[in-house]
Structure formats: structure tokens, C-alpha cells
Amino acid sequence: MDNVFVYVEIEGTEVQEVSQELLTKGRKLASQLGVELHAVACGTDIKGKVESQILPYGVDKLFVFDADGLSPYTSAPHTDILVNLFKEEKPQICLMGATVIGRDLGPRVSSSLTSGLTADCTQLEIGEYDDKKSGRHYDNLLYQIRPAFGGNIVATIVNPDHRPQMATVRSGVMKKEVYSGTARGEVAYPDAAEYVSPEAFAVRVIDRHVEAAKHNLKGSPIVVAGGYGVGGKEGFDMLFQLAKELHGEVGASRAAVDAGWVDHDRQIGQTGVTVHPKVYIACGISGQIQHIAGMQDSGIIISINSDPDAPINRIADYVITGTVEEVVPKLIKYYKQNSK
């Protein structure tokens with residue numbers, strides 16, 4: 001009762017990284033609240049194969065639902081499992097990845113349980129809330145923090161009266177860490193047939209294709225990112241050359257992606273990928289809040305911008321004032337000289 005739950009995504013028998021990130025955050029929230037961290041994983045032939053990928057993140061109790069028809073993912077059976085399990089367990093918080101699966105499953109579960117759901121959170125914290133209209137005071141609510149109104153403000157959303165408090169978080173926003181403390185590590189294997197109606201299996205996946213990632217933007221230690229100030233595809237050619245020399249990856253702001261200068265899968269920010277590189281080189285990026293949400297936790301931020309007052313310069317560790325055309329070729333030249 002009142003525990004923190006994380007829905008764990010499974011691809012075959014592989015636990016997805018976003019779920020491990022949420023388990024890390026869920027452990028911290030549960031410890032702060034003085035409750036347990038529970039997790040639920042659903043799939044086919046996963047028993048004995050996923051536990052070691054989940055329990056090290058501080059899980060006190062793991063529910064593993066292993067049955068035919070639970071993988072590949074379809075909406076109805078996973079919804080039935082979570083709705084019925086949550087009616088029994090009555091968690092106060094449920095976290096999911098803001099993935100294709102989480103975006104489908106989260107609203108279905110929250111609607112069935114008449115609870116709230118905040119999508120694409122960039123931060124999760126515990127705090128208090130005073131409802132001025134009713135005069136009520138609430139302790140230990142989940143602050144669900146995300147950019148709003150097109151990214152012009154950062155909104156803190158609370159759900160005082162309905163449970164569970166549900167939030168989805170994009171991959172890469174939270175950092176995954178193996179838990180150094182002690183957790184119970186109990187594993188339960190409920191019978192899926194007691195939670196899922198036969199009708200839920202009416203839809204079955206006949207064929208399925210998963211496209212492999214073309215790059216490792218999220219995991220790269222060095223990211224060279226370009227914005228509208230790069231000027232065009234030719235400018236991005238320079239960024240790709242610099243990234244090659246640095247053994248890094250190329251990212252982009254939404255403005256550059258919308259202009260058609262680079263593929264959408266390289267977009268960094270609220271509506272793209274969140275990255276945590278050791279070095280982030282922002283080239284011609286103004287630094288609107290939507291973009292900063294996806295790279296603000298980088299180790300070292302270097303800004304190359306012709307505008308000395310660009311918003312991104314406020315969070316940059318180093319600022320180079322100048323155009324991309326002037327600065328980037330020099331970076332490439334001198335890095336080549338110094339790396340020989």
C-alpha cells in the first residue's frame with residue numbers, strides 16, 4: 001500500500017534502459033517517502049531472465065507476469081494487468097517511460113483508475129502543497145515537473161486527491177545507478193489469467209520489425225549540436241566533420257530539424273532525445289527552454305554563438321563568440337594538429 005511502482009518495459013528478455021533509469025529515480029522517491037519500491041514486468045518466457053536486470057536497482061518487490069500473448073506488447077492485456085494489480089496494491093506513485101508503449105499504456109491505466117497522468121516530465125520531486133481554494137494542506141505529493149505552453153514556462157503539476165500519481169519520463173532524462181543500499185528483492189509470479197480477461201488477447205501481433213538505431217547520440221561522450229544559426233546543410237557538414245575528429249555524435253535543435261537540415265532522430269530537447277555527454281558543443285543554438293531540457297546535465301557545455309547574449313550562454317561553461325563558419329573550421333584544424 002502507498003508504495004512507488006515502476007512499469008518495466010521488456011524487449012524480448014531485455015529490460016529497456018528507460019525502465020532502469022526510472023527504477024533509480026523510483027528508489028530515491030520511495031526512500032524519501034519511507035515506502036517500498038515495487039516493479040512490474042510483463043512478457044513471454046521472461047521468468048528467470050529479467051530479474052537480474054531489475055532487482056539491482058533497489059526493488060523491494062518485483063511482480064513478473066509471464067504468459068503467452070504478453071509479448072510483443074499489445075494494449076489490452078498489459079492494461080488489464082496494471083489496472084487490476086493497482087486495485088490490489090494501491091500504489092501512490094506509478095512511473096512509466098515516455099516511449100511508444102508508455103504513451104499508449106499510461107493513459108489507458110490512468111483513465112481506468114480515474115487518476116491523473118503527466119506526460120514527458122523532466123523532473124520528479126516530493127513536496128507539499130496548499131490548496132488555497134479548499135484550505136487543505138497536502139504533504140508528500142509528487143511534483144511532476146515539465147515544460148508547458150510550448151516550452152515557454154516550466155510547470156509543476158500535482159495530483160492531490162487521486163491515486164496513483166502517474167508520470168511518464170523520456171529515456172535519458174534520469175540517470176540509472178545500481179542501488180548501493182539494501183532492498184528486500186522479493187519476486188512474485190502471479191497467474192496472468194487471474195488479471196487478464198480472455199477478450200484482451202483478441203488482438204495478436206502477426207509480424208513485427210524493429211529498426212536498429214543509426215547512431216548512438218544518447219550514449220556518446222561528446223555531442224556536437226547545431227541550431228538554426230548553423231545556416232544550412234552545408235554548416236552541418238562541418239559539424240559532422242568536427243564530430244568525426246572528436247569521436248562524437250551530431251545532434252540538433254528543433255529549429256534545425258524543422259528546417260530539414262538534419263534527421264529528426266538527432267533532435268535534442270523536450271520533443272527529442274535527452275543526452276548527458278561529458279562535452280556538449282552547442283553551435284548556433286539560441287538555447288530555448290525546450291532544448292536546454294535535453295542537455296542541461298552535460299558535463300562541460302561549450303557555446304559557439306555570434307550573439308553574446310544568447311540564452312544558452314548562461315548555462316555554458318565556455319563561450320566562444322563568433323559564427324559557426326569562423327569557429328568550427330579552426331576547431332577542426334587545431335584539433336588535428338594537436339592530436340598527431
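**Close-up views of the predicted model**

Figure 1. When neighbours within four places in sequence are set aside, the contacts of Thr-74 are Gly-69, Val-203 and Val-205. The loop between β5 and α3 also holds Pro-72, and the peptide bond leading from Ser-71 into Pro-72 is cis, with omega near 0°.

**Figure 2. The aromatic pair of Phe-5 and Phe-86.** Five aromatic pairs are counted in the model. In the pair formed by Phe-5 and Phe-86, the ring centres are 5.2 Å apart and the planes meet at 65°; because this angle is over 60°, the arrangement is edge-to-face. The two residues come from distant parts of the chain, 81 residues apart: Phe-5 is in strand β1 (residues 4-8), and Phe-86 is in helix α3 (residues 75-89). Phe-5 is buried, at 0% relative accessibility, and Phe-86 is likewise buried, at 3%. Ring pairs join Phe-5 and Phe-86 with Phe-63 in a cluster.

**Figure 3. The stacked pair of Tyr-228 and Trp-261.** The rings of Tyr-228 and Trp-261 form a stacked aromatic pair, with 5.0 Å from centre to centre and 25° between the planes. This pair, too, links distant parts of the chain, 33 residues apart. Tyr-228 is in the loop between β13 (222-226) and α5 (233-246), whereas Trp-261 is in the loop between α6 (254-258) and β15 (279-283). Tyr-228 is exposed, with a relative accessible area of 55%, while Trp-261 is buried, with 17%.

**Figure 4. Thr-114 and His-162.** Thr-114 is situated in the loop between α4 (100-112) and β7 (117-121). With a relative accessible area of 56%, Thr-114 is exposed. His-162 is 48 residues from Thr-114 in sequence, yet the two C-alpha atoms are 7.3 Å apart in space.

**Figure 5. The cis peptide bond at Pro-164.** Arg-163 and Pro-164 are joined by a cis peptide bond, for which omega is about 0°. Pro-164 is placed in the loop between β10 (153-157) and β11 (165-169).

Figure 6. Asp-120 is not a glycine, yet has a positive phi of about 55°. Asp-120 is part of strand β7 and is buried, with a relative accessible area of 12%. His-247, also a residue other than glycine, has a positive phi near 60°. His-247 is in the loop between α5 and β14 (249-252) and counts as exposed at 66% relative accessibility.

**Figure 7. The protein as a setting for the close-up views.** The secondary structure consists of eight helices and 17 strands. The C-alpha trace spans about 65 × 55 × 40 Å along its principal axes. Of the 340 residues, 51% count as buried. Among contacts with a separation of 6 or more, 64% come from residues 24 or more positions apart.

Terms used:
Residues numbered from 1 in each chain as written. Predicted model: local features only at pLDDT ≥ 70, side-chain atom pairs only at ≥ 80, totals over all residues. Heavy atoms only, no water. Helix = DSSP H or I, 4+ residues; strand = E, 2+ residues; numbered from the N terminus. Buried < 20%, exposed > 50% of the residue type's maximum accessible area, 1.4 Å probe, protein only. Contact = heavy atoms within 4.5 Å. Phe/Tyr/Trp six-rings, centres within 6.5 Å; stacked < 30°, edge-to-face > 60°.
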